[in-house]
Number of protein chains: 2
Amino acid sequence: MREVAVIGVGMTKWGELWEKSLRQIFVETALLALDDAGVDRIDSLIVGSMSSGLFVGQEHVASLLADYLGQTPVPAARVESACASGGLALRMGFIEVASGMADIVLAGGVEKMTDVNGHEATYALGTAADQEYECFHGITFPGLYALIALAHMEKYGTTREQLAMVAVKNHDNGSLNPLAQFPFKITVDSVLSSVLVADPLRVLDCSPITDGAAAVVLCSVEMAKKLKKPIVKITGSGQATDTIALSSRKDITWLESTFQAAKKAYAMAGKKPEDIDIVEVHDCFTIAEICVTEALGLVEKGKGGKAVEEGLTALQGKIPVNASGGLKAKGHPVGATGVAQAVEIVKQLRGEAGPRQVKEAKVGLTQNMGGSGGSTVVHIFERA
Amino acid sequence: MREVAVIGVGMTKWGELWEKSLRQIFVETALLALDDAGVDRIDSLIVGSMSSGLFVGQEHVASLLADYLGQTPVPAARVESACASGGLALRMGFIEVASGMADIVLAGGVEKMTDVNGHEATYALGTAADQEYECFHGITFPGLYALIALAHMEKYGTTREQLAMVAVKNHDNGSLNPLAQFPFKITVDSVLSSVLVADPLRVLDCSPITDGAAAVVLCSVEMAKKLKKPIVKITGSGQATDTIALSSRKDITWLESTFQAAKKAYAMAGKKPEDIDIVEVHDCFTIAEICVTEALGLVEKGKGGKAVEEGLTALQGKIPVNASGGLKAKGHPVGATGVAQAVEIVKQLRGEAGPRQVKEAKVGLTQNMGGSGGSTVVHIFERA
């Protein structure tokens with residue numbers, strides 16, 4: 001297998017982009033990544049999108065986007081693993097370059113979620129769970145994470161305030177990210193007094209509904225050296241699954257797919273949790289970030305809430321988590337999220353993250369999760 | 001890159017499977033492929049599905065199916081390229097094995113299409129076209145192929161009867177395939193007197209709405225030799241795109257994505273059209289098979305209709321096309337179709353195709369197409 005580098009990244013302002021179509025959002029973003037990489041051709045396009053069919057009535061999006069990007073006849077593939085579709089696009093692009101099937105791959109993600117009403121969006125997001133045995137019986141997607149939160153509070157003494165602190169931290173970071181959907185600070189009080197969605201989760205515990213895209217350009221390290229671009233290598237890629245329904249798990253506070261995906265990525269990169277300088281994780285709900293930091297081995301099992309309270313995961317903490325603002329403040333256009341995580345890590349490792357720059361960041365990790373942990377994709381990045 | 005072999009194939013009876021769920025259809029099929037391969041573990045699962053979200057309200061299907069197949073925590077990816085999703089699953093599995101990322105990959109496809117009504121199915125299938133500029137303005141998916149048929153008739157003198165002969169030939173072959181949805185013969189007269197769908201295409205020119213799955217097990221040729229299984233190698237894999245909307249093409253009778261994908265596959269395998277003994281192509285409509293045989297270089301441009309009339313593509317012809325019955329008679333569960341084509345070619349190359357066995361078949365080709373030719377995946381298979 002060939003070594004793989006990220007040589008270009010692109011992201012545009014996320015939010016409720018009613019004046020733009022899915023194709024427009026993606027193409028603008030992809031062009032930024034291509035400009036950043038300094039290349040004008042690609043050998044392959046991989047696009048992560050969770051549910052373009054339900055959100056905008058369009059499947060076959062990779063073919064559509066290759067066309068609108070002016071890149072036909074290149075191969076174009078859409079990949080999907082619910083909210084981990086972006087991470088999967090990155091992984092498939094990585095494999096394609098590593099295998100030698102393609103020299104330059106554009107891996108992107110996109111979702112246009114605000115063209116449907118709230119009921120339709122809730123239905124579409126529920127397709128990430130086991131619809132037949134979970135959502136069709138009445139539970140919503142936030143409801144599944146509420147069950148996880150209640151179990152974590154019961155088992156480990158995690159507090160309602162600690163959940164809120166995850167949102168506060170991520171909005172602190174997001175206030176430094178001009179591309180974030182909600183680039184402003186919030187307080188623990190505002191989280192605790194926000195509308196209840198699924199007890200104990202309130203609306204400020206939840207990531208928003210977002211329109212947005214993100215893209216990265218991948219090539220072999222050998223080719224990257226010739227292009228004389230700043231090189232960030234992908235040194236580890238891990239993907240894993242768990243039971244899709246919460247009811248099938250022994251312990252719903254433990255994200256086995258994240259643990260397994262991380263284990264593979266760490267092994268491939270020859271790294272341990274303590275070697276990681278900065279991480280972007282899947283905080284679709286505040287409780288998710290707490291469980292993820294535990295499953296990644298960054299904190300001890302059951303201590304995720306305490307770690308946030310103690311500032312361990314803050315921008316200036318020992319292991320900064322979600323410097324970009326995370327899904328909570330940056331937004332969560334589901335198919336784009338995993339790629340945007342990579343965009344942030346690459347910017348950080350290149351020292352281009354501006355006011356939210358983490359000092360001495362040399363090794364970064366992204367964790368992108370589908371459903372209530374049914375699938376996870378983890379990548380490890382290193383400055384060359 | 002490592003050499004890749006198919007060591008197991010599986011397919012169950014296709015049709016209107018109202019008594020079975022998507023997961024059940026897929027798992028039964030996947031177990032057949034694993035049994036055929038004689039392996040009890042996989043390193044990765046790739047599933048092609050065009051629109052499980054619109055058809056059964058379930059995305060995240062690869063994670064779901066890994067779970068129901070008892071294979072968690074293996075990585076599982078759903079891939080989509082409209083009706084070419086199955087071919088794309090095969091290609092992604094091929095790349096994963098070739099790269100060394102996985103030793104044994106289960107590549108499958110599945111679609112459960114009969115749980116929605118006709119209006120909803122028409123809408124879902126239209127998501128393969130450019131919805132915003134084609135279907136949202138009133139054209140249906142059969143309408144797009146009807147335009148292609150009219151143009152081909154006008155430009156090359158292809159006759160209404162020649163279109164019908166494609167359906168008759170494929171039903172002749174399908175009558176020999178017990179797993180086909182419609183395993184019976186039809187006549188030119190019955191095609192010509194069937195209900196008009198989109199002039200000049202009639203209902204017997206159209207592939208049906210089908211529930212079904214197909215699966216293959218891939219591994220490196222090196223490993224296949226150790227397993228002492230009959231080896232069919234995948235020696236060529238090509239994928240390409242074209243403009244998604246017909247209105248953007250110079251000549252709508254020419255399938256550029258098929259031409260480009262085939263060119264790559266031929267080059268990788270070191271083969272020419274005349275080296276191919278048997279092909280399975282994407283006859284979603286009768287006119288499609290005619291255009292595809294031309295774009296693959298099996299017949300001269302404009303001569304696809306005449307080739308059928310002269311029996312060139314019949315089971316006993318010079319280059320048998322769709323020995324399985326094709327999409328027309330075998331059925332077309334969109335995400336499964338591309339994988340089922342591989343299942344047929346592997347059976348033919350192993351000499352296990354029973355009454356529809358093509359003699360001396362040593363090199364086979366599959367062509368799986370998305371939308372009205374917006375994307376195509378081509379593979380070449382050889383008996384080792």
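Predicted model: local features only at pLDDT ≥ 70, side-chain atom pairs only at ≥ 80, totals over all residues.
## Relation of the two chains

The same surface serves both copies, since 100% of the contact residues of chain B recur in chain A.

## The side of chain B that touches chain A

Between the chains, 52 residues of chain B are in contact with 52 residues of chain A. On the side of chain B that touches chain A, two or more residues are given by each of helix H2 (52–56), helix H3 (61–68), strand E3 (76–80), helix H4 (85–99), strand E8 (232–241) and helix H10 (256–269) of chain B. Of these elements, H4(B) gives the most, with 6 residues. When the residues of this side of chain B are sorted by class, 21 are nonpolar, 22 are polar and 9 are charged.

## Two domains within chain A

The domain assignment divides chain A into domain 1, made of 4–117 + 210–232, and domain 2, made of 158–205 + 235–378. The centres of the two domains of chain A, taken over C-alpha atoms, are separated by 22 Å, and 37 residues of domain 1 of chain A are in contact with 32 residues of domain 2 of chain A.

The side of domain 1 of chain A that touches domain 2 of chain A receives at least two residues from each of strand E1 (4–11), helix H4 (85–99), strand E4 (104–112) and strand E7 (211–220) of chain A. The largest share of that side comes from H4(A), which supplies 8 residues. By class, the side of domain 1 of chain A that touches domain 2 of chain A contains 21 nonpolar, 12 polar and 4 charged residues.

## Helix H11 of chain A and its two partners

Helix H6 (residues 141–156) of chain A and helix H11 (residues 286–295) of chain A have axes that come within 9 Å and cross at roughly 60°. H6(A) and H11(A) are therefore oblique to each other, and H6(A) passes H11(A) in a left-handed crossing. On H6(A) the contact is made by A:Tyr145, A:Ile148, A:Ala149 and A:His152, and on H11(A) by A:Ile287, A:Ala288, A:Ile290 and A:Cys291. This contact has 7 nonpolar residues, 1 polar residue and no charged residues.

Helix H7 (residues 160–174) of chain A also packs with H11(A), at an angle of about 95° and with the axes 8 Å apart, and that makes H7(A) roughly perpendicular to H11(A). Here A:Leu163, A:Val166 and A:Ala167 in H7(A) meet A:Thr286, A:Ile287, A:Glu289 and A:Ile290 in H11(A). The residues in the contact of H7(A) with H11(A) comprise 5 nonpolar, 1 polar and 1 charged.

## Helices H1 and H3 of chain A

Helix H1 (residues 22–37) of chain A packs with helix H3 (residues 61–68) of chain A at an angle of about 60°, their axes being 10 Å apart. H1(A) and H3(A) are therefore oblique to each other, and H1(A) passes H3(A) in a right-handed crossing. The contact joins A:Arg23, A:Phe26 and A:Val27 of H1(A) with A:Leu64, A:Leu65 and A:Tyr68 of H3(A); by class, it has 5 nonpolar, no polar and 1 charged residues.

Notes. Residues numbered from 1 in each chain as written. Chains lettered and ligands numbered in written order. Axes fitted to C-alpha atoms, helices over the stretch in contact; angles between N-to-C directions. Helix = DSSP H or I, 4+ residues; strand = E, 2+ residues; numbered from the N terminus. Parallel < 35°, antiparallel > 145°, perpendicular 65-115°, else oblique. Left-handed = near helix turned anticlockwise from the far one by under 90°. Contact = placed C-beta atoms within 7 Å. Nonpolar A, V, L, I, M, F, W, Y, C, P; charged D, E, K, R; others polar. Domains from an automatic or database assignment.
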